[in-house]
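User: I am new to this structure and would like to learn how to read it. Could you take me through some features step by step?

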Amino acid sequence: MVGTMEETSRIPGYFKNKGILITGATGFLGKILVEKILRVQPDVKRIYLPVRAPDAESAKKRVETEVIGKELFGLLRETHGKGFRSFIEEKVVPLAGDIIHENLGVEGPQLSQMTRELNVIVNGAATTNFYERYDVALDVNVMGVKHICQLAKQCPNLEVVLHVSTAYVVGEKQGVILERAFKQGETLRETEAELDIDAELRLARDYQRQVAGDDAEQKNERKAVKELGLARAREFGWPNTYVFTKALGEMMLARELGAVGGVPGVIVRPSIITSIQKEPLPGWIEGTRTIDAILIGYAKQSLSCFLADLQLTMDVIPGDMVVNAMMAATVAHASSSAPADQHKQAPPPTVYHATSSLRNPAPYAVLYRTGLRYFSDHPRVGKDGRPVRTRKVHFFGTVASFTAYMVLRYRLPLELLRLLSLLCCGLLFSRLYADLDRKYRFVMRLVDLYGPFALFRGIFDDANVERLRMAMPVADRVEFNFDPKTVDWDDYFYKIHIPGVMKYVLN
């Protein structure tokens, strides 16, 4: 149940004098969240940022390089001028820590101070590799959540735990998908096997020991443990290891928060996150995200076809809108909360879909037409200094039609070139084969990773998010906008997102 915010309350006011822990701060969303809190509420008490590092000095350097030093913080740097460095040193506490360890690996006086000061915990750390090693994915996406909840139990002034998940924990469901937390052991398909988190953790550990070998066999070990994760995911109805372990992480949160004692839990499930729409740097993005891999392949003219139904909805949401929703949800669930009652049972986590498919759906055709328009108006320059001609991409709405095309377009020519290369010992045929094989593997890799999203037929309900938005004062709705209805997708992709990808990713 969303807490009602008084009309006089404002989101920035809540964060004044608050102690906040943010995991995953070196990630895209984490950086946006850190910057926004520091910008809208410079009187925040402290923001603790655990990062993987061997020691405190290395942690500090990593935060300076990978978080604070980014272009994203340009407006904040300009606002504080010469005082920027001292401001950051006062407000931001880098920690050499990792959620795969108890207490995140933090010890002694530093742990005592942090637990006393924390009012808000935001868990944004995750491994997002779709086919990660099963043991690694469980360590980060599941055990990491358990360690966060165990840490929460030590924080006497904690008011809320917010966990960042993904909308695609629902697998390949169709129709309207409600904002509902998973039940313990819930699966997406009927199976005789029971889904038990602890049993999965034991299975991964035992299997890793079983296949572990010397250095020469490490590649085979990695492959075997990756295949285990995929097999377990599909056994219970999830398409890949990433979304399966994120679903298990949500179950772990619900289970462990019950032992924390009345601390509200919030789960924010974004769909495909895209570049910043408005503040502080429109178009800013990091890493090759789902649809951006397709854009980059198109820009490089290495993508001639793809598995996608252009009429299906492409559920995307700008990164700044996700962070705005996270901050609003934090305030809604924590602003009126008293410190945790260790004897009180915590309610189930509230789920929020940070999505657009219900309120302002954008078909994949929007991305394609704005891409064509953008690259026609702003052609890329090839190695020879000439503009690269924009070619159309063939899209296939079914796996069967796509497979047939790939066989005729790539597999048969590849086999012919391979035979000619062997028979004629020709360097030319070898080069042609290598070039065609590279293009074939590129397309198949993209389809393997992103094809399920392109054929996804679910619509994410956002009733909780809309209630959250309507409970906000008008001023907060403007400054912390997360209403997808306010986005003109054609304008956003052409003027903001695609230029952002070209500038910050493909530079």
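Predicted model: local features only at pLDDT ≥ 70, side-chain atom pairs only at ≥ 80, totals over all residues.

User: Let us begin with the backbone. Which residues does a cis peptide bond join?

Analyst: The general idea is that most residues other than glycine have a negative phi, and most peptide bonds are trans. In this model a cis peptide bond joins Glu-279 and Pro-280, with omega at about -5 degrees. Pro-280 sits in the loop between strand E8 (272-274) and helix H11 (290-299).

User: And which residue has a phi near 60 degrees, and where is its place?

Analyst: That is Asn-17, whose phi is positive and near 60 degrees although Asn-17 is a residue other than glycine. Look for Asn-17 in the loop between helix H1 (11-14) and strand E1 (19-23). Asn-17 counts as exposed because its relative accessibility is 52%, and exposed means over 50%. Asn-103 also has a positive phi, about 55 degrees, and is not a glycine. Its loop runs between strand E3 (92-96) and helix H6 (108-117).

User: Is His-147 buried or exposed?

Analyst: His-147 is buried, because its relative accessible area is 5% and the cut-off for buried is under 20%. The residue belongs to helix H7 (residues 134-152). Apart from neighbours within four places in sequence, His-147 is in contact with Ile-99, Ile-100, His-101 and Glu-102.

User: What about the surface: which residues make a nonpolar patch there?

Analyst: Val-407, Leu-408 and Leu-412 make a nonpolar surface patch of about 280 Å². Leu-412 can be found in helix H14 (residues 399-424).

User: How many salt bridges does the structure hold?

Analyst: There are 28 salt bridges. When you read one, check where its two partners lie along the chain. Arg-39 and Glu-35 meet through their side chains at 2.8 Å, N to O. Both are in helix H2 (residues 28-40), 4 residues apart, which is about one turn of the helix. Glu-35 counts as buried because its relative accessibility is 0%.

User: Which salt bridge links distant parts of the chain?

Analyst: Look at Glu-466 and Arg-359, whose side chains meet in a salt bridge of 3.8 Å, N to O. This pair links distant parts of the chain, 107 residues apart: Glu-466 is in helix H16 (residues 463-470), and Arg-359 is in the loop between strand E11 (350-354) and helix H13 (364-377). Glu-466 is buried at 17% relative accessibility, whereas Arg-359 is partly exposed at 23%.

User: Where do Asp-491 and Lys-495 lie?

Analyst: Both lie in helix H18 (residues 489-505), 4 residues apart. Asp-491 is partly exposed, with a relative accessible area of 31%, while Lys-495 counts as exposed at 55%.

Key
Residues numbered from 1 in each chain as written. Heavy atoms only, no water. Helix = DSSP H or I, 4+ residues; strand = E, 2+ residues; numbered from the N terminus. Buried < 20%, exposed > 50% of the residue type's maximum accessible area, 1.4 Å probe, protein only. Contact = heavy atoms within 4.5 Å. Patch = residues over 30% accessible without salt bridge, like charges linked within 9 Å, V, L, I, M, F, W, Y side chains within 5 Å. Areas by Shrake-Rupley, 256 points an atom, 1.4 Å probe, with all protein chains shown as cover. Salt bridge = Lys/Arg side-chain N within 4 Å of Asp/Glu carboxyl O.
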